[in-house]
Structure formats: structure tokens, C-alpha cells
Amino acid sequence: MVMEIVCPAGTPAALRAAVKAGAHTVYCGFNDETNARNFPGLNFDRSEMREGIRFAHAHGAKVLVAINTFPSAGNEALWHRAVADAEACGADAIILADIGLLDYAARHHPGQRRHLSVQAAAANADMINFYAGTFGVKRVVLPRVLSVPEIAAINAETGVETEVFVFGGLCVMAEGRCSLSSYVTGRSPNMNGVCSPASHVDYHEENGVLDARLGGYTIHRTGNGESAPYPTLCKGCFGAGEKAGHLFEDPVSLNAEKLIPQLHKAGVTALKIEGRQRSRSYVAQVVRNFRAAVDALEDGRPLPEGMLAGLSEGQAMTTGAYKKTWR
Amino acid sequence: MQLTVGPNQFFWPAARWRDFYDDVAASPAERVVLGELVCSKRMPFYQDCIPGAVERLQGAGKAVALTSLALITLKRERKAMAELAEMGVEVEVNDLTALAYLPEGAAFSVGPLVNAYNEGTLGWLAGRGATRVCLPPELPLQSVETLARKGRDLGVEIEVWGHGRVPLAISGRCYHARLHGRTKDNCQFACEDDPDGLDVRTLEDQPFLAMNGVQTLSDSFACMAHQVAALRDAGVTALRLSPQSHGFAALCGWYRDLLEGRMSAGALVAAVQAAQPDVRLSDGFLTGERGVAWSGARGAA
Amino acid sequence: MSVATQPIPIFPPTAAIPLRAMPLAPLSLALTAACRRISRAHPGLIRRLGEHDHCAFALDPTDLPVVLLLEPNGGVPRLRVMRGEVASDARISGPLAALIGLVHGAFDGDALFFSRDLVISGDTGAALALRNAVDDAELDLAEEFSAMTGPLAAPMRRIFAMAERRTGVALTRPEEAGTW
């Protein structure tokens with residue numbers, strides 16, 4: 001079976017671009033803190049969601065709705081409503097992370113297919129099987145801490161479909177378990193759906209040297225002519241002991257296109273592209289590339305060479321944790 | 001309000017580890033969680049000391065729990081967690097994987113690294129047998145109040161991060177190994193050199209974070225001295241103190257004095273700062289604009 | 001798309017000369033009218049700006065001697081062409097081709113930013129909201145300007161046609177539906 005390409009859409013225009021570019025599946029979220037890409041100007045209101053899903057279905061593509069932040073205490077109704085509205089809009093599945101919300105969805109919307117978000121950081125077969133057995137999860141998005149052999153081992157031990165990230169921004173920390181952003185800005189992926197939010201970023205350029213600060217902390221300093229990464233704090237340049245540099249992760253982005261055959265062999269069902277915050281042009285280009293790759297794999301042709309370097313953060317690529325030496 | 005000693009997050013030699021829990025046995029804390037939280041590679045160095053420590057602590061009248069790892073991926077880690085569930089001591093779940101090994105209905109507690117953000121999750125955990133939940137450190141006071149109320153209804157004790165460097169992230173990658181140009185498999189236990197974590201500073205030399213193997217912590221030490229009254233009003237039943245290499249027994253004593261009204265918040269802060277002159281404190285997750293904020297800086301006392 | 005493979009074209013300095021002396025008020029009026037028409041035709045534009053819909057955005061084509069000051073005014077936008085120092089809440093600077101390519105979806109904003117073809121200063125959140133709002137609107141500036149009427153319409157269209165020829169700047173929206 002051909003591997004499923006799952007692509008991001010931050011706007012209805014990006015959703016249409018993704019579908020036209022050959023995405024099998026598109027994922028998106030409502031325009032509030034229920035989704036983990038709650039960025040200014042992004043995401044779907046209810047009628048845009050309904051219309052987007054209708055458009056995708058008319059062209060044979062599926063839509064997954066990410067409701068993958070952790071509901072805040074006293075305000076769970078917002079998340080409950082998102083689950084109900086996603087089902088009413090015709091979502092093919094909802095992507096959830098919080099156990100309270102999974103439990104709610106399983107009890108109140110049993111007919112709605114449930115995927116486990118990467119934000120749940122289910123990193124081993126026991127945990128995945130636990131989510132499947134307890135909440136009826138049909139697919140898990142694997143955290144970006146696993147190597148390809150580990151993914152193969154997981155697939156050997158579970159009947160749950162697995163989806164893995166193949167392109168885009170890379171969390172170096174276990175997703176859904178990181179409070180770095182709220183420590184510095186008061187806003188976190190788990191609670192607000194944002195990491196290192198733009199509202200707390202400021203750039204300062206002097207004599208060609210560009211300082212990028214987050215919450216007043218200098219995260220990055222870029223010299224004349226060097227490419228400039230967004231100041232995501234785990235990818236910043238810091239000092240510790242006698243050393244200075246990218247202590248946590250280089251400002252690189254994930255590109256696992258060369259690993260597609262191995263991921264296929266490892267039993268992976270779907271390949272996920274990160275980037276709901278990126279433009280429709282990014283979405284279209286990346287989708288076309290990966291769709292061509294999985295189609296080639298299916299037909300037994302050699303994989304086309306990638307052309308995606310310019311789209312990457314810092315314009316550098318990594319295969320991330322898929323190769324064990326990354327650790 | 002009770003005092004809980006959280007699991008030591010750092011890598012200490014066995015002798016220091018043993019001495020530390022001897023001190024804790026003599027401290028005024030009611031509850032102690034111990035075992036390895038951060039990295040399974042550290043376990044062989046001191047795991048033989050654990051049963052003795054559990055016995056001493058229980059003998060001193062402490063309630064004792066054993067923590068799960070914070071991130072369980074490898075086969076041997078899964079095996080170790082399954083064994084943990086069979087040791088006959090309460091387990092503190094810090095990775096939901098550990099739940100999968102606990103018999104249905106068995107009582108357990110939940111640590112701060114499990115995402116218990118709302119009433120639904122708290123209710124579900126209680127239904128599974130959770131009797132105590134230490135809330136994630138990033139929760140604001142408003143959430144703590146709501147969850148403490150819910151906890152009271154459910155019969156679940158609600159605990160809050162009280163003092164110590166805040167665990168902010170966990171990764172598959174070891175930063176200590178990376179700093180020393182080694183792979184995780186060949187880390188040579190570089191983290192052992194930093195018994196309270198290694199300071200991470202910005203390019204402008206501003207203190208920022210601390211690295212501890214696969215874990216990233218805050219540079220600042222959380223200190224809930226100024227928040228104790230609000231937490232007690234909210235119905236929080238325990239404060240968690242996180243082990244540090246120096247002066248921990250005294251710290252437990254000060255917090256006990258604070259809770260009993262024998263010491264003011266200002267005096268506690270002054271004592272902490274006298275004992276650790278370059279310490280930076282924070283309590284911003286609870287009431288500030290951001291985690292690193294410190295209410296003491298506003299002149300509160 | 002050609003972000004990394006081709007340099008962004010720079011507006012030829014000689015072609016920009018008229019902008020140094022040309023009276024800007026009539027141009028501002030015409031652009032404001034065009035802007036209002038666009039915002040009526042694409043209500044999502046203002047909606048997506050959300051809390052930033054009263055910010056002042058300076059769009060600074062670094063290869064032209066002018067700055068465009070865009071004020072959405074919560075749905076009654078104003079677009080003024082200005083010279084010299086322009087105060088704003090957020091500023092997006094880059095070659096005209098990069099700014100227009102962004103509007104047309106020919107370029108990816110993040111990619112332009114990573115390559116430093118675009119520089120953002122001031123309220124980054126507001127700049128991001130504008131970028132995302134514009135990306136969703138699927139605008140075609142050439143079409144919008146051809147819909148312009150009034151005494152400036154014909155000269156504007158001529159300027160744009162010339163600019164497109166002289167610079168290779170994508171002033172019309174490229175066909176995105178490659179495999180469609």
C-alpha cells in the first residue's frame with residue numbers, strides 16, 4: 001500500500017494547495033488554543049473548516065483536525081466543543097494528546113476516529129497499546145526521539161498505525177513535555193499552542209549582526225550574510241562550562257526523504273510534514289516532492305532527489321533521531 | 001501542608017546518594033519519592049542502595065514512593081519499569097507508560113512530569129487509582145485552585161512544586177554527552193561532574209537554563225515561599241522540595257518552619273540566599289508573567 | 001518556486017528614480033482605494049489580523065526610495081507611500097520582488113526570512129499575522145490594479161508592466177496548480 005502523505009494547512013488556501021499538490025491527507029486546527037499551532041493569522045474558523053473538509057473530500061483527500069493542546073483547568077468546554085465541531089464538520093479523525101480529552105472523546109464521540117498526537121509523546125509499544133486499549137486510538141504520531149530500528153520494533157509489537165514526521169521543524173525535546181517556552185515567555189505549546197511565540201521575539205540588527213531575542217534573552221546572533229534561524233529557544237546558541245554553541249540542537253530542520261524506503265520497511269503507515277505555520281507555497285512544494293517519492297517507491301522506481309533545502313530553517317537538514325548517533 | 005522530597009534529578013555517586021537519604025530520614029519531610037527519574041544508565045551505580053534507603057526512610061516514619069523514569073523508550077527500561085511495579089512500594093508515575101504495568105485499581109501517585117492540566121485528566125487518573133498528583137510546574141495558580149478543588153472531591157492529594165530547579169524538558173538526546181562530543185551510548189557519565197546540573201548561559205552571559213543529561217532545567221531555583229498562603233487557601237496539601245547537593249536538610253527545616261508559622265517567607269528567602277549567595281529564585285509560573293519571574297523582586301515579603 | 005536556487009531580483013536603481021521626485025499623495029490615494037477594494041473582496045484578510053488589525057505596518061522595499069505604510073484600521077485600510085523615516089508597529093523589509101512574491105504565494109515567508117532576504121522588526125507577532133492573512137487571501141496584485149479606475153489607473157498599470165519586464169519580479173500570481 002502506498003504510504004500516506006499527511007500535510008499541514010494553516011489556512012484554507014494552504015489546504016487547497018496541499019490537496020491540489022497531491023496530499024492524501026491534510027491536518028489543520030481551529031483558530032484558538034485547542035491546537036498546537038495557535039499562531040497569529042492562522043487556522044480555521046468553523047465555516048472554513050466545514051468548507052475545507054468538503055473541498056478535500058470532493059478531491060479524494062482526508063482531513064484530520066488537531067485538538068492537541070492540553071485543556072486548561074476550568075475551561076475544558078472549549079476543547080469539548082472543538083471535538084464536537086470537528087465531528088460535525090466531517091473530520092476523518094481528530095488528533096488528541098490529553099488523556100482527559102481522549103477519555104471524553106471516547107465516551108461522547110465514540111464514532112469519531114481518534115489519533116494520538118505527537119504531543120502525547122508515546123515513545124514505546126507498551127504505551128501505544130495502552131492508549132489503543134484504553135481510548136480506542138487507531139493511529140499514533142510517533143515522537144521525534146526514536147530511531148528507525150526502534151520504530152520497526154514498535155510496529156512489530158502493536159497493531160496501531162504509526163505516523164512519523166519526515167520534514168520540517170524538529171523538536172529536540174520530547175513533545176508535549178517541554179515548558180521551556182513558558183519559562184521564558186509565559187506561553188507554552190501545552191497550554192497555549194505556541195512555542196517561542198513571535199509576540200515575545202524581537203530582532204535587533206546592528207552593523208549587519210542580527211540578534212534574535214526571546215523574552216529578552218539573546219537566543220541567536222547571526223553575522224553578516226549568514227542565514228537567520230527563528231529564535232526557537234532550544235535551537236539557540238548558548239554557553240556551558242568552557243564551551244559555546246548550539247548546545248541542544250543546531251538550527252536545522254528534519255528531512256527524512258532518503259529514509260522513506262526504510263520507514264516503509266519499518267511498517268510506518270503515514271509520513272507527516274510539519275509546518276502549519278508555513279505558507280501555501282511551502283506546503284505545495286513539499287507535498288509534491290514527497291508525493292513523488294512515495295509514488296516512486298510504490299512503483300519500484302528510484303526516489304527523486306530532493307530540492308527542499310531552501311525551505312529549511314537555517315537552510316540545513318538533519319535526519320534527526322532516525323539515526324541513533326543523533327542522541 | 002505536608003512536605004514531599006522529590007526524586008533526586010541529578011547523578012550522584014552512591015556514597016553521596018546514601019548520605020543524602022540518611023539526612024532526609026532525619027528531616028521533617030513527611031514523604032519521600034526516590035529512584036531514578038532522568039536516565040536509566042545511571043541506575044546500576046546506586047540501585048543496590050535503594051532498598052536500604054526505603055527501609056531507613058520508612059523506619060523514620062516517612063511515606064515512601066519509587067519514581068518511574070521520565071521517558072521510557074528502551075526495552076530494558078520497559079523491563080525495569082515492569083519490575084518497579086512489583087516491588088511492593090507505591091509507584092510515582094512520571095511517564096504514563098508506567099501505568100500500563102500497574103495492576104488495574106492499584107493505588108499510585110502521579111509526578112510533575114505527567115501532563116495533568118485539567119479536571120478531566122485528574123478525574124481519569126483518580127479513576128485508575130491515583131491518590132496523589134504533583135501538578136506540572138508550569139500551571140498557573142488559577143489552574144492549581146481548580147484542580148485542588150477537584151482533587152478534594154475525588155479524594156486525591158494535590159501537591160505543587162515547592163523548591164528547586166524546575167524540570168522544563170526531557171529529550172532522547174543527552175546534552176552532557178553532546179557537550180563533550182560524545183554519543184549518548186558512550187557518554188562516560190559526563191553528568192556526574194555537575195551535581196546540581198550544568199549552568200547554561202546566553203551569549204551575553206545571562207544565566208538561563210541548566211543541563212542534566214537528557215533533562216533541561218531552569219537556571220533559577222523555584223521557591224514558593226511567598227506563595228504558601230495562596231496555595232494553602234487553594235487546598236494544596238503538599239509542597240515538593242527537589243534535592244540539591246548542599247544544604248538540603250536545612251532547607252527542609254526552613255520550609256517546615258514556614259508552614260508552621262515559625263518563620264516568615266522573607267526570612268526563608270534570606271536564609272536560602274545566605275546559604276547559596278549566587279542563587280536566582282523564581283515563582284513566576286504560579287502568579288507571574290512567565291516562569292522565570294520572581295515575586296520577591298517586586299518587594300513582596 | 002525559487003527561493004534558494006535563484007537570487008531575488010533587485011529593482012534597477014534607474015527605474016526607481018521617478019519615485020524620488022514624484023508626488024506621493026495621489027499615489028497614496030490610489031493605493032488606499034485599491035486596498036479598500038481588496039479588503040472588501042477578502043474579508044478574511046482583516047479577520048485574520050485579529051488583535052493586530054489596528055497596527056501600522058511599514059512595508060519597506062529596500063530597492064525603492066519609498067516605504068509603504070499600511071494601516072488596516074480594523075477594516076477601513078489606508079496605504080500611504082512615504083519617504084524618509086516612517087514610524088510603525090511592525091516593519092517588513094526586503095527587495096520589492098520578495099515582498100510581492102510573498103503576497104502572491106510565489107515565495108515562502110519563513111524561507112525568505114531564514115535566507116535574510118526579508119527582515120522583520122518591531123512587533124513580530126503582528127508581522128506574522130499579516131503574512132499569514134495575506135497568504136490565505138490568494139491575491140493577484142496585477143489583477144487588483146487592473147481593476148483600478150480613475151486618473152492614476154493607466155499610469156499605475158504602465159509602471160507595473162514596466163517593472164515586471166525590467167525586474168523579472170512576479171507581479172502576477174503564478175499558476176500554483178502544477179499537477180492539477
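This is a predicted model: local features need pLDDT of at least 70, side-chain atom pairs count only at pLDDT 80 or more; totals for chains, interfaces and linings use all residues.
Two strands are said to pair if DSSP finds at least two bridges between them.

**Stop 1: paired strands in chain B**

Select strand β3 (residues 63–67) and strand β4 (residues 90–93) of chain B. These strands run parallel and are joined by three bridges.

Now extend the view to strand β5 (residues 108–110) of chain B. Two bridges link β4(B) to β5(B), and this pairing is again in the parallel sense. Here V93(B) is placed opposite V110(B), a residue of β5(B).

**Stop 2: chain B as a whole**

Chain B is as compact as a globular protein of its length, because its radius of gyration of 18 Å is close to the 19 Å that the globule rule gives for 301 residues.

What percentage of the 301 residues in chain B is buried? Buried residues account for 57% of them. As for contacts in chain B between residues at least 6 apart in sequence, 66% connect residues at least 24 apart.

**Stop 3: where chain A meets chain B**

Show chains A and B together. Two pairs of chains are in contact, and chains A and B share the most contacts. Chain A contributes 52 residues to this contact and chain B contributes 51 residues. On the chain A side, the elements giving two or more residues include α4 (99–108), α5 (125–135) and β10 (217–222) of chain A. Coloured by class, this side of chain A has 27 nonpolar, 16 polar and nine charged residues.

Then select β11 (238–240) of chain A, which also belongs to that list of elements. Which strand of chain B does β11(A) pair with? The partner is strand β8 (residues 198–202) of chain B, and the two pair in the antiparallel sense over two bridges. Within this pairing, F238(A) faces T202(B) of β8(B).

**Stop 4: the two domains of chain A**

In the contact between them, 13 residues of domain 1 of chain A meet 10 residues of domain 2 of chain A. The domain 1 side of that contact has four nonpolar, six polar and three charged residues.

**Stop 5: two residues in chain C**

Finally, bring back chain B and show chain C. These two chains do not touch, and their nearest C-alpha atoms are 18 Å apart.

Most residues other than glycine have a negative phi. Select N73(C) in the loop between β2 (67–71) and β3 (78–82) of chain C. N73(C) is not a glycine, yet its phi is positive, at about 50°. It counts as partly exposed because it has 15 C-beta neighbours inside 10 Å.

Then select E138(C), which lies in the loop between α7 (124–137) and α8 (141–146) of chain C. E138(C) is likewise a residue other than glycine with a positive phi, near 50°. Is E138(C) buried or partly exposed? With 19 other C-beta atoms within 10 Å, E138(C) is partly exposed, since a buried residue needs 20 or more.

Note on methods: Residues are numbered from 1 along each chain as its sequence is written. Chains are lettered from A and ligands numbered from 1 in the order in which they are written. Two residues are in contact if their C-beta atoms, placed from the backbone, lie within 7 Å. Helices (H or I, at least four residues) and strands (E, at least two) are DSSP runs, numbered from the N terminus. Ala, Val, Leu, Ile, Met, Phe, Trp, Tyr, Cys and Pro count as nonpolar, Asp, Glu, Lys and Arg as charged, and the others, Gly among them, as polar. The radius of gyration is taken over C-alpha atoms; the globule rule is 2.2 Å times the number of residues to the power 0.38. A residue is buried if 20 or more other C-beta atoms lie within 10 Å of its own, exposed if 12 or fewer, and partly exposed in between; C-beta atoms are placed from the backbone.
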